[in-house]
Amino acid sequence: MKLDQDSREDRSWLTVMVFVTAVELACWTFAWGARIAPTPFVLTYVALAFAALGSALLLRWVLHRRPPRPNWLTVIPATICVGVGASVFLPLKYAIPHILPFWLDASLVGAERSVFGTDPWMLLDHLFGWAAVPMDKLYGLWLPTQALVMFTVMLQPPSAAKTRALIAYVLTWFVLGVVAATAFSSAGPIFHDRVFGGDSFAALVATLRSRGASMVLAESDRMWTSFASARPGIVAGISAVPSIHVAISIWFVFAARVLAPSAAKYAALYSLVIWVGSVQLGWHYATDGLAGALGAWAIWGLSRPLAAILRDGWSAGARRHATQLS
């Protein structure tokens, strides 16, 4: 009975991961056929996914010495899906302004200046300018950090909490990082002047340079060159709303609460730092983080009934969710 239940749990989140990866591939195929999305670096990203899996396995062994054996029948195909999905995510992100030109920036800039009296990045630089360099490095490490956390969750024994967490993770990347990012097409402060002209954010670039925040400047230059030259490399695509950095960092908090409650407060602190860094470094407007956080919260709420339906079938899953709410 326990074995059958574990099998249903693993099938549930893996089904969502395979389905979303297939949808991403279909979207990319359409965009590639329309010549607005580049060819993905599939093998490179699959290799990076397995490298992240190896790092998570090593960390698991260091922390537990004799951890439970992973279910390789789900971990291996899931890792391939992660690599393939990541490889097409960036081409889809690159295609966003070709599908819907950047349109939201002017409204966000005006609204935030009305609310805060200035650009939020200026307020944060006044408070945390001394931390610009460590913030820059911490923000630059977000991608490997989130991969390590996700694979650590994937390697956990089957449970309803794990299933919910992985379903929410996959949906957060696709719904917020692809669908919402396309609908709310926007460039963000660091790219604003290069996209729209003028010098509205010239002070931002000058401040980052004077503070020594070299990673954001170098990375944004590479991304802009990739975008402007129409020759995208392994890192491509510009998108501000919603902030996927903040959304996945908020996912850390939700996942920690159900899988490792003692780590939840550290996850909350990390998500706050990432939100602050996203604005201070100019990657995002303050509103982007709010949109990412609210989107992650909504998807987390959706993930529980969806996990129950996938595990138990529509009728039983709906009944179980109704019982949990009552």
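**Close-up views of a predicted helical model**

**View 1. A nonpolar patch on the surface.** Leu58, Leu59, Trp61, Val62 and Leu63 form a nonpolar surface patch, with about 490 Å² of accessible area together. Such patches are made of residues with over 30% relative accessible area and no salt bridge; nonpolar side chains (Val, Leu, Ile, Met, Phe, Trp, Tyr) are joined within 5 Å, like charges within 9 Å. Accessible areas come from the Shrake-Rupley method with a 1.4 Å probe, and for residues only the protein chains shown count as cover. Helices (H or I, at least four residues) and strands (E, at least two) are DSSP runs, numbered from the N terminus. Leu63 has 59% relative accessibility, so it counts as exposed. The cut-offs are under 20% relative accessible area for buried, over 50% for exposed, and in between for partly exposed (1.4 Å probe, protein chains only).

The model is predicted: local features need pLDDT of at least 70, side-chain atom pairs count only at pLDDT 80 or more, and totals for chains, interfaces and linings use all residues. Residues are numbered from 1 along each chain as its sequence is written, and side-chain values use heavy atoms, with hydrogens and water left out.

**View 2. The whole chain.** The protein has 15 helices and zero strands. Its C-alpha atoms fill a box of roughly 65 × 45 × 40 Å, taken along the principal axes. The radius of gyration is 20 Å, which agrees with the value near 20 Å for a compact globule of 326 residues. This radius is taken over C-alpha atoms, and the globule rule is 2.2 Å times the number of residues to the power 0.38. Of the 326 residues, 50% count as buried. The protein exposes about 15,500 Å², and carbon and sulfur atoms supply 70% of that area. Among contacts with a separation of 6 or more, 81% come from residues 24 or more positions apart. Contact means heavy atoms within 4.5 Å.

**View 3. The largest nonpolar core.** In soluble globular proteins, nonpolar side chains tend to be buried together. Here the largest nonpolar core has 90 residues, and Phe151, Met154 and Trp251 touch the most other members. Helix 8 (residues 160-183) gives the most to this core, with twelve residues. A nonpolar core is a set of buried Ala, Val, Leu, Ile, Met, Phe, Trp, Tyr and Cys residues joined through side-chain atoms within 4.5 Å. Leaving aside residues up to four places away in sequence, Phe151 touches Ala49, Ala52, Leu53, Ala56, Thr79 and Val82.

View 4. Lys162 forms a salt bridge with Asp10, and the closest N and O atoms are 3.6 Å apart. The pair links distant parts of the chain: Lys162 is in helix 8 and Asp10 in helix 1, 152 residues apart. Both Lys162 and Asp10 are buried. A salt bridge is a side-chain nitrogen of Lys or Arg within 4 Å of a carboxyl oxygen of Asp or Glu. By this rule the count comes to seven salt bridges.

**View 5. Asp221 and Arg194.** These two side chains meet in a salt bridge, at 3.1 Å from N to O. Asp221 lies in helix 11 and Arg194 in helix 9 (residues 189-196), so the pair ties together parts that are 27 residues apart in sequence. Asp221 is partly exposed at 37% relative accessibility. Arg194 is also partly exposed, at 34%.

**View 6. A salt-bridge network.** Glu9, Arg311 and Asp312 are linked in a network of salt bridges. Within it, the side chains of Asp312 and Arg311 meet at 3.6 Å, N to O. Asp312 counts as partly exposed at 23% relative accessibility, whereas Arg311 counts as buried at 8%.

View 7. Arg35 sits in the loop between helix 1 (2-33) and helix 2. Arg35 has a positive phi of about 60°, although it is not a glycine. At 79% relative accessibility, Arg35 counts as exposed. Thr118 is in the loop between helix 4 (105-116) and helix 5 (120-128). Thr118 is partly exposed, with a relative accessible area of 21%. Not counting residues up to four places away in sequence, Thr118 touches Glu112, Arg113 and Leu123. Pro242 is in the loop between helix 11 (214-229) and helix 12 (244-259). A cis peptide bond joins Val241 and Pro242, with omega about -10°.
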